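Here are a few friendly notes to read alongside the structure.

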Amino acid sequence: MTVRLQLAIDAPEHLALIPRVGQYFDVIEVGTPVLKRFGLAAISTVRELGGGKPVLADTKTADGGAFEAEMIFAAGAAMMTVLAHASLATRRNADEVAQRYGGEVVLDTILDGGLDVEPLLDGRPPQDVWLALHAPSDARRAGVGTEDHIDRVAQRRQRGFRVSLAGGIRRANLARALEVAPEIVVIGSGVTEATDPEGEAAWIRTQVDASTPGI
């Protein structure tokens, strides 16, 4: 299995990095703060800066699934996030719109990484469901975050889910993240706040390409 790399852009000043480091990534994420600052225009801007690479809009949708999904996918996003705790109706509505556009919904477990994920299947095979195992940035910055989300990847993948791993992934724990073999590894501040973003992105790409993950 080939691990894909996703670059998370969470601050306006990080947009300028996309032409410099975008070549090392497979997906570019418009982070929630950037979406709130610039709106739907951020999606087309990131697509242009990234040379047309797939864009994930980190909407963290909690309600209004069809309405938000229509806006996001019509704006050109390939993927969007919906909170795993959102109602079944919200998840279904967002997914129906995503299918119409050929896009995908990622269910973000940021509120509770250990929640029972079986109800998220909603009659679908697990390989059709994306889970984002996501460590909250505020908790990590407050010193109370953990890396439990990395430990959960193998369990979710063995069940058959497609997994995106996000939150605090950087040089120090990249090998551990690759070992558990998520489909997507999300890198944010590990590159955007690095002293040498290009060098760090190139190094991360090399490590991913050299890995042969599998469970």
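1. Start with the overall fold. In this predicted model, 8 strands form a closed barrel, in the order 1-2-3-4-5-6-7-8 and with parallel pairing. On average, neighbouring strands of this sheet are turned by 30° against each other, direction ignored.

2. Now pick out strand 4. Strand 3 and strand 4 run parallel and are joined by 3 bridges; here Ala57 stands opposite Met80 of strand 4. Strand 4 also pairs with strand 5, again in the parallel sense, over 5 bridges. On that side, Val82 has Leu107 of strand 5 as its bridge partner.

3. Are the residues of strand 4 buried or exposed? The strand is mostly covered, with 5 of its 5 residues buried. Both of its faces are covered: Met79, Thr81 and Leu83 are buried on one side, and Met80 and Val82 are buried on the other.

4. Next, trace how the chain gets from strand to strand. Strand 3, helix 4 and strand 4 make up a right-handed β-α-β unit. Helix 5 covers residues 88-101, and at 1.5 Å a residue its 14 residues should span 20 Å; the C-alpha atoms at its ends are 20 Å apart, which agrees.

5. Which residues of helix 5 are buried? They are Thr90, Arg91, Ala94, Asp95, Val97 and Ala98. These residues lie on the same side of helix 5, because they cover an arc of only 165° around the axis.

6. What covers the buried residues of helix 5? The cover includes strand 3 (55-61), helix 4 (65-74), strand 4 (79-83) and strand 5 (104-108). Helix 5 lies across strand 3, strand 4 and strand 5, and runs at about 150° to strand 5.

7. Helix 7, residues 148-159, lies across strand 6 (130-134) and strand 7 (162-166). The angle between helix 7 and strand 7 is about 175°.

8. Finally, turn to helix 3, which is made of residues 41-49. Its buried residues include Ala42, Ile43 and Val46. Seen down the axis of helix 3, the buried residues fall within an arc of 105°, so they line one face of the helix. Among the elements that cover them are helix 1 (18-21), strand 2 (27-30), helix 2 (32-38), strand 3 and helix 4. Just after helix 3, Gly51 takes a positive phi of about 70°.

Methods
Residues are numbered from 1 along each chain as its sequence is written. This is a predicted model: local features need pLDDT of at least 70, side-chain atom pairs count only at pLDDT 80 or more; totals for chains, interfaces and linings use all residues. Side-chain values use heavy atoms; hydrogens and water are left out. Helices (H or I, at least four residues) and strands (E, at least two) are DSSP runs, numbered from the N terminus. The expected span of a helix is 1.5 Å times one less than its number of residues. Buried means under 20% relative accessible area, exposed over 50%, partly exposed in between (1.4 Å probe, protein chains only). The arc is that of the directions from the helix axis to the C-beta atoms. Contact means heavy atoms within 4.5 Å. Two strands pair if DSSP finds at least two bridges between them. A crossover is right-handed if, with the strands pointing away from the viewer, the path from the first strand over the helix to the second runs clockwise. Axes are lines fitted to C-alpha atoms, for helices over the stretch in contact, and angles run from 0 to 180 degrees between N-to-C directions.
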